[in-house]
Amino acid sequence: MARLKDKDESTFLHSLAVSALMIAFARSLGLEEQMVRLLGLGGLVHDIGKMVLPIELLQKPGSLTDDELAIIRTHPERGHEMISQNSGLPKAILNICLYHHEKFDGSGYPQKLSGSAIPCVARIAAICDVYEALTTIRPYKRAWTQSEAIDTMLRSRGHFDPELLKIFI
Ligand SMILES: [Fe+2]
């Protein structure tokens, strides 16, 4: 995390905020404290794969080309590869890292998993990740209000687990 902070402060701050959201969400789901901790850790490392991507790409203010987007989209696998080398890490954390960009309808990446084939921890992470990104200021957009973000997420049919999204709201 310290190395991620040095490389890209905004991804570091995003990861901290996602971690806090995941802890709060996990508690409201009534998960056991050990699982709450794993979700918090998963939030911290979910984008760790961005550490090995070119900084100009991560901080590019305009829209990305198809090639650039393809590079950005390697970050779940790159991150999973990185943290897999730490053999003691629980599966839940690895799953959050690898699958947080999968979508409920199977149109996500990297594996186009759908529905319950996406590990539950990654479906939780997807909601917290997008909510945090939408409500935060970025080089290319203002920070949306909570209600704008929720509205957009509700209208993104097929992206999120509908039951989990309902509880999150
Ligand atoms: Fe990500």
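1. Glycine 40 sits in helix α3, which covers residues 33-45. Helices here are DSSP runs of H or I with at least four residues, strands are runs of E with at least two, and both are numbered from the N terminus. Keep in mind that this is a predicted model: local features need pLDDT of at least 70, side-chain atom pairs count only at pLDDT 80 or more, and totals for chains, interfaces and linings use all residues. Residues are numbered from 1 along each chain as its sequence is written.

2. The cut-offs are 20 or more other C-beta atoms within 10 Å for buried, 12 or fewer for exposed, and partly exposed in between, with C-beta atoms placed from the backbone.

3. Which residues does glycine 40 touch, leaving aside neighbours within four places in sequence? Ser19, Met22 and Ile23. Contact means C-beta atoms, placed from the backbone, within 7 Å. Isoleucine 93 is 53 residues from glycine 40 in sequence, yet the C-alpha to C-alpha separation is 9.1 Å.

4. Now for the packing of α3. Its partner helix α8 (residues 120-134) lies with its axis 11 Å from that of α3, at an angle of about 55°. Axes are lines fitted to C-alpha atoms, for helices over the stretch in contact, and angles run from 0 to 180 degrees between N-to-C directions. The pair is therefore oblique, the class left over once angles under 35 degrees (roughly parallel), over 145 (roughly antiparallel) and 65 to 115 (roughly perpendicular) are taken out.

5. On the α3 side, Leu39, Gly42 and Gly43 meet Val121, Ile124, Ala125 and Cys128 of α8. By class, that contact has five nonpolar, two polar and no charged residues. Ala, Val, Leu, Ile, Met, Phe, Trp, Tyr, Cys and Pro count as nonpolar, Asp, Glu, Lys and Arg as charged, and the others, Gly among them, as polar.

6. Isoleucine 93 is one of the buried residues of α7. Helix α7 (residues 91-99) is largely enclosed by the rest of the structure, because eight of its nine residues are buried. The cover over those buried residues includes α3, α6 (75-84) and α8.

7. Zooming out, the protein has 10 helices and zero strands. Of its 169 residues, 33% count as buried. Among contacts between residues at least 6 apart in sequence, 62% join residues at least 24 apart.

Conventions:
Two residues are in contact if their C-beta atoms, placed from the backbone, lie within 7 Å.
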